[in-house]
Amino acid sequence: MNRVVTRLRQIAELLALIWVIVIAIVFALRVGFALELEWMEGGSLQQAVRMQRGEPIYGPPSPDFVPFLYTPLYPALLALLGMIAPLGYGLARAVSIASVIAIGLALWRLGAIEAKPRAHRAVAIGLVLSGYVFGFRWLDVGRGDALALALLIWGLVVLRESEGSVRKAALAGLLVALAFWTKQTAAVFVLVSGGVGLVIAPRQIWAYAGTIALVAGGGVLLGQELTEGWLWTWIFEAHQTHAFNAERFYAKTWGMFVHAAPTLALLTVILSAATLAAVYRRVRPAGVWAALRAERGPIYWGVLALAGLLVSALGYSTQYAEPNAFLPGVLFGAAFLVTALPDGLRDDRQPLELTGLILIAIQLVFALLVEPLYQPIQARGLRAGLVDSYIWQDPWRTIPTREQRRNADLLRERIEALGEPRVEADRGLLALHRPWWSVLAGGEGHVGAMGLNDVDPAARVKLEAELRRRVSAGEYSAIWIEGAVPKWLSLTLRDWSVDLRATGTRRVRPLSGWMSEAGMVTPWRGEQLLLVPEPAWSLELPKGATRIADFEDGSLAGFEVVAGVGFGRRAARSLEPGMPPIGPHGGARLLSSATGPMRLAAQGEVRSPVLTIPQGGALELWIGSSAPSSRLLATVVADDSSQTIALEIPDTRFALAPLRWPVPPELANLPLRLHLIDRSADAAIFVDDLWVWSGPPPE
C-alpha cells in the first residue's frame, strides 16, 4: 500500500508541475497582447492614471470619469509602479501574474503549516491553476482579482500560524484588510475568519480583528471624509442597484462547480465527512473545545472554503457578474482539500489518501483536456444537455492567434495615430467600451459604458447629454463603437463616416470574459466601427479615369429613378437613423436603396447616365449590400437593350468593396447604363464612386 501511495503522489506531483508549466506558457503568450485581454482592463488603467495626475477617483459622476465599483488598492499600486515602468496593459497583467505566484507560495506555506508532504502542497497549487478556464481565464488579466486573492490567502495563512504571536495576528489582519481595499468581497472573509479564528488563535484574535477594524473600518471613515461621502456611494450603495439573480445563487453556481469538477465535489463530501467524524470521535473523551482544537486545521480551512463558495455564489448572482466570481471558491476549496487529505504514510488512513489522490489526479487530467460548458444542461436539462456540456480544450480560445495579434497591433497603431489633435479642444477618441483607448490616443480619458450603467437614470441622462454636446462641438476626432451605435448618440452622428469596419476574424475582441469567444454563452458577434467626423477617405481620381458620380453634393448625380421609392431623391448619409452605419466608402454620401422611412424594406430601381467606355477601358465602382440576396441586382445594359450583363454584388454586410468591369470589345464605345435593382424586402444595395477608365486601368 505504501508503494501505491508513493507512486500516486509522484503522479499527482507531476500533474501539478504540468499545470504550472501550462499556465506559465499561457501567461507568457498573453501578457504582451496589444489591447484588452478582458474588456474592463482599461478601466483599471484609467483609474491609475488619474491617481498619477492627482485627480479624484471617488466623486460625483462626470463625462470624464465614473469609477468601477471597487476599492482602490489595485489601481493605486499600478499608479505607483507606473512611476517606474510604463503604465499599460503589460504592467497591469504583470501585477496579476505576480499575485498568482504569491498565491502559489501561500499554498505551499499552508501545506508546511499543516505538516503535509511535498506532493500535497504541489497538488494545492495544481488544483488552483486547473481552475483557470473555469474562472474565465481571469487570473492574468489587468484587474484586481488575483491581487485580492493573494493578499487574502496570505493573511489567512499567517492567521493560521499566529497562535502565541500578537505580531503575526496583526500582520494577518493587515493583509486581510488590504485584500478588502483591493476588492470589498473580502469583507465576508473578515467576518468568517474572525469567528473560526477563535479556534486557531483565541488569545491573539483581538489583534487580528483590531487591525482590520483600524485599517479597513477606519480607512472607510477617513475615505468618506476625504471624498465627501462618495467612497461609500461607489463601493457599496451603487452595488445595491444591481439586480440579484436568485436562480444563480440557489442552483446554477453549485451546479457549475460540480459540473466543472465532479471528482473534487465527491472528494469534498468524503473529506468533510471524515473531518466531522474525527471531531465527533474526540468530543466524548476530550470535550467539544479540545476536539475542535485537535482538528483545527481542516476545520479552519473547511469553514473558509464554505465562505469562498458563498462569496462565489453571491458574486455570480449579481447583475453583470461573470464566472471570475468563482475564483474564491476554487482557491479556498483547494486549501481545504489538501488540508483534510490525510498523510497516509504517517497514520492509518492510507485508503483515504489513496482515494483522494486518485480523484485529484483525475480532475487535473480532466481540466487539462476538457472545457466545461454548463449552459446546455441549464437550457435542456442534465440528460439532454450533458453530452454537449463538455468540449475539448482548444488553446486558441485562450491564447491569441497570429492573426489576432496582428489585428490588435494594427488597431493599436491606428488608435495611437489619432493622438495628433486637429484643433486645440480635440479630446481624441471616444470609445465607451474602451476608455483607456482615449488615453492611448492622446486624450484625458472619459466615462465608460460600465460607468453609464452604474449611475442612476437622471445622472445617466446628464452624462449622455454632455457627451452629445462634445461630439456636436467637434471635440472628438473619432468614435469607436462596439456593435450598434447607441440610440442616444445616433442623431448626433448623422454627418459622420465609417473609417473602419471590423467583422468576423478582423474584429479585435478580448480573450477573457464578456465579448470573447470563450467568455459567453453565445459568443459576441457584433461588428466594430471607427467613426470620424469628416469623410473617411476620398478617392483621388487617377490619371486616365473620369468620375461619373460620387454623390457628395447630396444629389443622385444624374441617376434616374425607374421604379419604387428605395433610392429616394437624394443621396444617403453613411449614418442614417434606424440603419447600421454604411461604409467605409469614398466620402460622406452614397447611393443607397434603403433611404426613406421604409429603410431595408424599401424597393426600387435606378439607372445611371449614359456611359461610353472606350476599347480596352473599364467601369469601376464601389458596391456592397446589407446582406446577400438574389433579389439585389447590378447590371450593365446596352442602351438599345440588346445586351444585359450582370455584375456580382459582394457580400459586404453594410460595407462597400471595389468592383472593376472591363468592357467587352463588342460593347466598347456603345451607350451603356448601369442599372441597380432592389426587389428585396429585407436587404439593400449601396454604390459609390463610379468611374470610367479610358484605357486599361493599372493593376
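Reply: Both faces of strand E13 are covered: Ala618, Glu620, Trp622 and Gly624 are buried on one side, and Leu619, Leu621, Ile623 and Ser625 are buried on the other. Buried means under 20% relative accessible area, exposed over 50%, and partly exposed in between (1.4 Å probe, protein chains only). Strands (E, at least two residues) and helices (H or I, at least four) are DSSP runs numbered from the N terminus.

Me: Why is E13 largely enclosed by the rest of the structure?

Reply: Because eight of the eight residues of E13, which spans 618–625, are buried.

Me: Before I go on, what kind of model is it, and how is it numbered?

Reply: It's a predicted model, where local features need pLDDT of at least 70 and side-chain atom pairs count only at pLDDT 80 or more, while totals for chains, interfaces and linings use all residues. Residues are numbered from 1 along each chain as its sequence is written, and side-chain values use heavy atoms, leaving out hydrogens and water.

Me: Thanks. How many bridges join E13 to E16, and how many to E18?

Reply: Six bridges join E13 to E16 (residues 657–662), and the two run antiparallel. Seven bridges join E13 to E18 (residues 685–693), also antiparallel. Two strands pair if DSSP finds at least two bridges between them.

Me: Switching to helices: at what angle do H3 and H4 pack?

Reply: H3 (residues 73–81) and H4 (residues 89–113) pack at about 120°, with axes 10 Å apart. Axes are lines fitted to C-alpha atoms, for helices over the stretch in contact, and angles run from 0 to 180 degrees between N-to-C directions. H3 and H4 are therefore oblique to each other; under 35 degrees counts as roughly parallel, over 145 as roughly antiparallel, 65 to 115 as roughly perpendicular, and the rest as oblique.

Me: And which residues meet there?

Reply: Tyr74, Leu77, Leu78 and Leu81 in H3 meet Leu91, Ala92, Val95 and Ser96 in H4, with contact meaning heavy atoms within 4.5 Å.

Me: Last one: where is aspartate 409, and how accessible is it?

Reply: Aspartate 409 is in helix H19 (residues 402–417). Its relative accessibility is 38%, so aspartate 409 counts as partly exposed. The C-alpha atoms of aspartate 409 and leucine 14 are separated by 37 Å, and these residues are 395 apart along the chain.
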